[in-house]
Amino acid sequence: MMSTTETHAEHTLDEHTHGAECGHESVQHDDHVDYVHDGHRHAPHGDHYDEH
């Protein structure tokens, strides 16, 4: 059985600011850094964060 991982936009960049001093755990993910927030990872994508 093949599994898929869905991502969807939940938070705009204005709602959360992630970076070196944001206080959220950073996780290297392929060629970018995700930030753990509310039990899921945020990945910057244009004007929003995708959730992983």
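**A glutamine and its hairpin**

Guide: A polar atom in the side chain of Gln-28 lies 3.2 Å from the backbone oxygen of His-32. The backbone oxygen of Asp-30 is also approached by a polar atom of the Gln-28 side chain, at 3.1 Å. A polar contact here is a pair of N or O atoms within 3.5 Å; within protein, one must be able to donate a hydrogen and the other to accept it, and residues adjacent in sequence count only if both atoms are side-chain atoms.

The model is a predicted one, in which local features need pLDDT of at least 70 and side-chain atom pairs count only at pLDDT 80 or more, while totals for chains, interfaces and linings use all residues. Residues are numbered from 1 along each chain as its sequence is written, and side-chain values use heavy atoms, with hydrogens and water left out.

Gln-28 belongs to strand β2; strands (E, at least two residues) and helices (H or I, at least four) are DSSP runs, numbered from the N terminus. With a relative accessible area of 55%, Gln-28 is exposed; exposed means over 50%, buried under 20%, and partly exposed in between (1.4 Å probe, protein chains only). Across the pairing, Gln-28 stands opposite Val-33 in β3. Strand β2 (residues 26-29) runs antiparallel to β3 (residues 32-37), and four bridges join them; two strands count as paired if DSSP finds at least two bridges between them.

Asp-30 sits in the loop between β2 and β3, a hairpin with two residues between the strands. Its phi is positive, about 55°, although Asp-30 is not a glycine. Most residues other than glycine have a negative phi. Asp-30 is exposed, at a relative accessible area of 67%.

From β3 the chain may be followed into the next hairpin. Three bridges join β3 to β4 (residues 40-45), and these strands run antiparallel; Tyr-35 has His-42 in β4 as its bridge partner. Two residues separate β3 from β4 in this hairpin. Asp-38 lies in that loop, is exposed with a relative accessible area of 62%, and has a positive phi near 55° while being a residue other than glycine.

The side chains of Asp-34 and Arg-41 meet in a salt bridge, at 3.0 Å from N to O. The term denotes a side-chain nitrogen of Lys or Arg within 4 Å of a carboxyl oxygen of Asp or Glu, and a search of the whole structure finds one. Asp-34 counts as buried because its relative accessibility is 0%, whereas Arg-41, at 25%, counts as partly exposed.

β4 and β5 (residues 48-51) pair in the antiparallel sense over four bridges, with His-45 opposite His-48 in β5. Two residues lie between these strands, and Gly-46 in the turn has a positive phi of about 65°.

As to confidence, the protein chain averages a pLDDT of 77, and 81% of the residues score at least 70; pLDDT is the predictor's confidence in each residue, from 0 to 100. Confidence is highest in β2, the strand of the opening view, at a mean of 89, and lowest in strand β1 (residues 8-12), at 64. Where pLDDT is low, the predicted coordinates should not be read in detail.
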